[in-house]
Amino acid sequence: MASPVSVIAPRVMAAIEAAFGAEFAGTDPVLRPSQYADLQVNAPLALAKRLGLPPREVAGRLLAELELADVCEQVEISGPGFINLTLAATWIGAETTSVRADDRIGVPLEPRQRVVIDYSAPNVAKEMHVGHLRTTVVGDALARTLEHLGHDVIRQNHIGDWGTPFGMLIEHLLDVGEGTAEARLLETDPNAFYQGARERFDGDEAFATRSRERVVALQAGDPDTLRLWSELVELSRHYFNRIYSLLGVTLTDDDLAGESTYNDRLASICDELETAGIATISDGALCVFLDGYTGREGKPVPLIIRKSDGGYGYGTTDLATIRYRVEELRADRMLYVIGAPQALHLRMVWDTARLAGWLPEGVDPVHVQIGNVLGEDRKILRTRSGAPLRLVALLDEAAATARAVIDAARPDLDEDTRAAIAPQVGIGAVKYADLSVAHDSEYVFDLARMVALTGDTGPYLQYAAARIRSIFRAADSAPAVLAESGTAQIKVVEPAERALALTLLDFGDVVAHVGADLEPHRLCHYLFGLAQAFSVFYEHCPVLKAEGATRSSRLSLCALTLKVLVHGLDLLGIEAPERM
RNA sequence: GCCUCCGUAGCUCAGUUGGAUAGAGCGAGUCACUUCUAAUGACUUGGUCGCAGGUUCGAGUCCUGCCGGGGGCACCA
């Protein structure tokens with residue numbers, strides 16, 4: 001049970017070695033999808049130069065050693081020296097049957113690594129915006145995928161729960177009164193609360209002074225101030241959890257590791273770096289100057305780890321996360337699912353940690369860069385100017401749009417069913433839109449497109465799954481049908497069956513790929529292709545009206561397709577409704 | 001100014017790490033529903049891959065230089 005590539009690649013490699021000698025062991029077979037066959041071997045062209053032979057002759061010698069009779073029905077040299085491979089229908093059928101019986105449907109169980117994933121990271125007393133939405137959704141998909149590949153995933157939600165704004169926020173909380181409706185805004189509309197504090201701060205000098213004093217008290221650990229601070233965090237947590245629950249994100253309170261977590265480690269970080277001679281005082285601030293980092297007019301750019309007023313910035317907390325994740329969490333792999341603009345900052349932090357010896361060989365932090373979300377004008381979507389874009393409102397709107405379409409398309413479903421489906425479809429649409437473009441590319445935020453229920457969208461995938469479920473619902477005796485679909489030999493006869501089966505065989509490779517390269521959009525495009533392949537199959541190959549072995553083979557193919565679709569969507573964090 | 005990412009069909013985006021004639025979706029046009037869900041499918045339309053060189057059997061992909069755009073570049077995170 002394995003994908004065509006994983007079966008054939010070793011055989012080609014063995015053939016290369018057999019044909020050209022041991023020094024060619026390990027040569028990349030350059031196995032690629034082909035428009036002329038199922039797969040093509042491109043290695044002969046690459047080898048021709050090294051061997052000093054014409055590519056077609058290389059292909060010929062390789063072919064003489066290539067043993068694929070059990071897998072392929074046709075193997076031929078083509079063009080300048082490609083070897084085209086056409087898989088045997090019997091092999092495809094047998095492999096697909098075997099995947100059908102596999103609990104993991106072809107997804108490998110990899111050697112267990114401890115993977116720490118930093119994602120989401122909203123700010124206390126602030127609305128999550130579309131940028132947060134994207135790191136949250138992408139990070140969660142990666143967490144789910146890596147977990148399923150067998151890794152020990154530790155989620156770290158590095159919320160912004162510390163810093164100078166808290167003086168202002170605490171004073172505002174005191175002014176409006178704890179437990180009042182105004183304070184409750186933190187749970188429902190945090191931006192409104194924040195704006196309120198901001199306005200006071202900007203317009204009322206006495207308030208501003210109190211706020212600054214409050215920051216000092218907070219940093220000094222004043223118990224009363226800390227209590228008020230934790231109340232702010234607590235209220236915000238309710239807000240985060242509501243969003244996470246709405247989104248179907250796996251983050252919980254256990255994953256919270258906000259900036260404040262590292263407070264008591266920051267002084268030591270600065271001391272150690274200063275003692276080691278890595279950090280030096282410049283303009284009153286403690287800085288790390290690294291080779292190769294220059295800014296305007298060639299001036300060296302510092303990583304500031306202690307401000308001239310004695311406070312700490314995010315550079316210091318980020319250093320602390322590395323130590324914590326390496327020394328205490330014992331991370332083998334560390335992912336930072338953070339906006340692309342942070343790239344320079346992170347590189348400096350990591351280089352500093354390397355210098356300090358806090359980042360051992362073999363532990364490579366990875367910045368999963370999240371591209372900016374753009375508005376229709378192709379400029380960064382900002383919540384401040386223009387119409388405020390509240391995430392909750394946006395998700396509600398997505399669900400409402402989905403609801404309208406469902407109402408129109410499925411008047412036969414009862415009210416409760418339609419009400420339950422709408423958020424699954426609407427939220428799924430938004431998440432799929434976020435996941436289906438490469439995480440590091442910018443994309444234009446367009447709610448209408450995201451919620452569109454046709455094309456390369458979440459709902460299209462959900463619909464394919466719902467159609468399969470409908471087939472099983474329509475079957476007379478469900479238990480018998482299920483049994484039939486679970487054990488039957490899959491036979492590939494029609495082109496649509498063949499294409500569908502071939503797609504199904506690739507699932508495991510794709511998931512492994514997503515885990516290795518941290519690219520959920522590949523899974524999206526795979527699933528979209530699978531849904532398309534199924535739709536074609538659905539058009540051309542009647543299932544329940546077929547008879548005998550054909551019927552049970554097709555039922556089995558449907559069951560496997562459903563399994564892969566639902567499972568793939570689950571790895572992305574998208575639900576698959578029973579009906580649509 | 002320096003660093004960095006990007007420029008692919010009218011629009012939104014892929015492009016499996018250098019392979020044969022560059023792909024999807026949306027849009028536009030034609031066609032197919034007494035159906036296991038037409039929220040679909042089939043076909044058509046659509047490209048100097050920003051420009052110019054270079055590397056080699058072969059470049060959307062690699063190197064250089066331009067043009068255009070985003071982002072970053074000392075006490076906000």
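**RNA contacts and salt bridges**

Let's start at the RNA. Helix H21, residues 520-540, gives the most to the surface near RNA strand B, with 8 residues. Keep in mind that this is a predicted model.

In total, 71 residues surround RNA strand B. The closest are Arg32, Glu259, Lys307, Arg467 and Ser470. By class, the surface near RNA strand B has 35 nonpolar residues, 19 polar and 17 charged.

Now some individual contacts. The side chain of Ser441 places an N or O atom 2.8 Å from a phosphate oxygen of RNA strand B. For Ser308, the distance to a polar backbone atom is 2.8 Å. For Leu544, a backbone N or O atom sits 3.1 Å away from a base oxygen of RNA strand B.

On to the salt bridges. The structure has 35. Take Arg498 and Asp38, with their closest N and O atoms 2.8 Å apart. Arg498 is in helix H19 and Asp38 in the loop between strands E1 and E2, so this pair ties together parts 460 residues apart in sequence. Both Arg498 and Asp38 are buried.

Next, Arg214 and Glu171, at 2.7 Å between closest N and O atoms. Here helix H9 holds Arg214 and helix H6 holds Glu171, so the bridge ties parts 43 residues apart. Arg214 and Glu171 are buried too. They also belong to a salt-bridge network with Asp175, Arg200, Asp204 and Arg210.

Last one: Asp189 meets Arg390 at 3.5 Å, N to O. The two are 201 residues apart, each in a loop. Arg390 has 28% relative accessibility, so it counts as partly exposed.

Notes. Residues numbered from 1 in each chain as written. Chains lettered and ligands numbered in written order. Predicted model: local features only at pLDDT ≥ 70, side-chain atom pairs only at ≥ 80, totals over all residues. Heavy atoms only, no water. Near = heavy atom within 4 Å. Polar contact = N/O pair within 3.5 Å; in protein donor to acceptor, adjacent residues only side chain to side chain. Helix = DSSP H or I, 4+ residues; strand = E, 2+ residues; numbered from the N terminus. Nonpolar A, V, L, I, M, F, W, Y, C, P; charged D, E, K, R; others polar. Salt bridge = Lys/Arg side-chain N within 4 Å of Asp/Glu carboxyl O. Buried < 20%, exposed > 50% of the residue type's maximum accessible area, 1.4 Å probe, protein only.
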